[in-house]
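Opening the notebook on this one.

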Amino acid sequence: MIDHDSAYTGLVDIDAADQWAFGTSFDDPLAGVDTRLADGIDGADLASYCLMLGDDALIVAQRLTQWLTRAPELEEEVALANIGLDLLGQARLLLARAAAADPDVVPTLPEGSPIPAEDALAFFRGEPQFVNVRLAELDNGDFAVTITRLLVFATYRLALLQRLRGSRDPVLAAVAAKGVKEVTYQRDYAARWLITLACGTAESRRRVEAALGVVWPYVGELFIGHPVETRLAAVGAGVDPADLRAEFDAVMRQVFHAAELLVPPSTSGGRSGRDGMHTGAMGPLLTEMQSVAREHPLGQW
């Protein structure tokens, strides 16, 4: 049963069926949640980790919302928008958790600005301060590119969230517990579409094969552990991404077998979004996403 005075009460109980991963009509997304750090968890590391996971979700959500009025069918437009909203909800909580763990990560805003910490992190950081994987920021391309990117991202994130349910940080554990349900749908949605496109017409298959050429070079980066990820995994708060690769590859083999596709080799490259190094697509994305907030930093919505 949901407590309507605080929709986030369920966040402190990972066994509750009424957990929320987001809320859009509450001033503080972590109201009523114990945000104290567990023994052995460094606040700066936890904040950095939450920014990584939050930025991943935020940037993919931004890309998906760009399909509004552009999707091939109304049903798919609604589906992509709902997936984007789920990820946006995860991003909001994760960015709020980052700010609670280490307030120093929050950008300084003009005096009197009513913008909450999670919004400040979303709209007032520059490109080098974003630590999302580069896969998240790639241009949408055609529908096949978006579906391929979503399949890769959701498969990776589902494996991550499944393990993160056991995090010693209760907020991370709760976000993961709710997020597993959401991302399971996202992965299955993308897998069904990939198989449909690959086994459809000659043109749809050509587009899927072209999409793999765009997306797959960024797969290897997902499984390279950043020092923050490694340290938090060691204290039971985070997950080492290298531990996710076997599950990811197993799922991909199943989907690609059904789609009659070969799994392409992945490359890691030397650049990493976790280090603030991004593709040329990131700057225009942030310009669009942040324009209104930066134009009106004292605005109240």
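Predicted model: local features only at pLDDT ≥ 70, side-chain atom pairs only at ≥ 80, totals over all residues.

I started with burial: 54% of the 301 residues in the protein chain are buried (under 20% relative accessible area, with exposed over 50% and partly exposed in between; 1.4 Å probe, protein chains only). Residues are numbered from 1 along each chain as its sequence is written, and side-chain values use heavy atoms, leaving out hydrogens and water.

Next I looked up secondary structure. I got ten helices and zero strands in the protein chain (DSSP runs numbered from the N terminus: helices are H or I, at least four residues; strands are E, at least two).

Then I checked contacts, meaning heavy atoms within 4.5 Å. Of those with a separation of 6 or more, 77% are between residues 24 or more positions apart.

On to D45, which I found in helix α1 (residues 43-65). Is D45 buried or exposed? D45 is buried, at a relative accessible area of 11%. Leaving aside residues up to four places away in sequence, D45 touches V228, R231 and L232.

Last, the helix pair. Helix α6 (residues 170-198) packs against helix α7 (residues 202-215) at about 125°, axes 7 Å apart (axes are lines fitted to C-alpha atoms over the stretch in contact; angles run from 0 to 180 degrees between N-to-C directions). So α6 is oblique to α7 (under 35 degrees is roughly parallel, over 145 roughly antiparallel, 65 to 115 roughly perpendicular, the rest oblique). I see L194, L197 and A198 of α6 meeting S204, R205 and V208 of α7.
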